[in-house]
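Thanks, I will keep this short. Please look at the sequence and the model while I talk.

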Amino acid sequence: MTVLSVCNHKGGTGKTTTAIHVAAALALSGRRTLVVDIDPQGFLTRTMGLEEPPPEQSVAAFFDPEADPRDIDVQETGGFDLIPSSNTLTRRMRDLNKPTDVLWVREVLQGLDLPYDLVLFDTAAALTVYSLNALVASQHVLIPVLPEYQSVVGGEQTYQTTQLVENKLNPLLESRHILFTQVDARKRMHRTYREYIREKYDSEVLENIVRTSTTLAKPQDGQSTIFDHDPNSRGAVDYANATDELMSRINDTGGGEERPPEARTPATAASENASEISELLSP
Ligand SMILES: Nc1ncnc2c1ncn2[C@@H]1O[C@H](COP(=O)(O)OP(=O)(O)O)[C@@H](O)[C@H]1O
Ligand SMILES: [Mg+2]
């Protein structure tokens with residue numbers, strides 16, 4: 001089972017839109033995807049027309065020693081399964097201040113036998129214990145970058161975070177995939193930033209791009225995606241192509257390998273390394 005996080009430390013770069021449409025594109029090709037909305041604001045959950053469930057039925061169960069994540073009834077929406085977010089994550093964050101609190105999600109995923117080809121985390125822009133948990137549990141990171149200054153800076157910071165997580169805690173996090181989103185070919189600035197990123201990150205940048213699309217920008221009507229209501233639109237075509245490319249990249253790196261059995265509980269994990277990672281969270 002492959003685990004992928006969609007991450008960029010800047011907001012509005014297309015993370016949630018990308019998470020939804022990659023999962024929906026995979027569903028169309030018969031692959032089973034579980035999306036986990038680990039953004040406390042729960043935009044993905046809302047966009048897919050779902051009510052916030054009780055905390056024990058949400059991703060908050062991953063961080064609750066009293067809850068059993070096996071009891072979560074995953075929701076079906078847009079052709080994929082979803083574990084919704086919960087606004088209790090915001091309150092819970094205050095207690096998640098130990099270095100080993102970056103390991104909860106990995107522990108939970110190791111303990112579940114999930115029948116999915118891909119588990120995909122949609123993360124918040126803020127670098128919190130939740131985004132770090134997703135990265136510590138992932139083999140792949142998809143970094144959506146809008147080719148404008150702040151998003152490029154956020155993308156580069158995200159890249160550095162993933163390197164630190166790889167070096168300290170998660171050697172399986174070896175592949176980054178940068179995807180340009182909301183590209184406007186008429187803007188010279190977009191061209192300049194795309195060239196800069198391609199030059200610097202080379203083969204880590206997807207060939208396919210996602211162009212600006214009025215269909216993607218429109219609020220969705222609940223449980224459907226662009227593939228249901230406008231499958232020939234440019235947003236649908238771009239995400240279908242980008243997803244194909246992403247999956248062949250993941251398959252090329254042998255993305256489905258199992259995790260090694262060590263570090264099964266936060267207590268036994270390398271807490272020294274975890275503390276270096278959690279220092280990222282200090283003000
Ligand atoms: N390719 C696109 N074309 C036009 N608008 C887009 C596109 N991708 C995303 N958007 C819009 O941009 C805004 C931010 O996207 P979102 O996916 O929520 O970003 P993030 O999750 O990174 O904050 C949303 O209003 C979304 O509908
Ligand atoms: Mg988002």
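How do the residues of the shell around ligand 1 divide into nonpolar, polar and charged? They divide into five nonpolar, 11 polar and one charged; here Ala, Val, Leu, Ile, Met, Phe, Trp, Tyr, Cys and Pro count as nonpolar, Asp, Glu, Lys and Arg as charged, and the others, Gly among them, as polar.

Some conventions. This is a predicted model, where local features need pLDDT of at least 70 and side-chain atom pairs count only at pLDDT 80 or more, while totals for chains, interfaces and linings use all residues. Residues are numbered from 1 along each chain as its sequence is written, and chains are lettered from A and ligands numbered from 1 in the order in which they are written.

Back to the ligand. Ligand 1 is surrounded by 17 residues, the closest being Lys15, Thr16, Thr17, Leu216 and Ala217; a residue is near if its C-beta atom, placed from the backbone, lies within 6 Å. Helix H1 (15-28) and helix H8 (214-217) are the elements that give two or more residues to that shell. H1 gives the most, with three residues.

Now the whole chain. It has 11 helices and seven strands, taken as DSSP runs (helices H or I, at least four residues; strands E, at least two) and numbered from the N terminus. The C-alpha atoms fill a box of roughly 50 × 40 × 35 Å along the principal axes. Of the 283 residues, 47% count as buried, that is, with 20 or more other C-beta atoms within 10 Å of their own, C-beta atoms being placed from the backbone.

Note on methods:
Buried ≥ 20, exposed ≤ 12 C-beta atoms within 10 Å, placed from the backbone.
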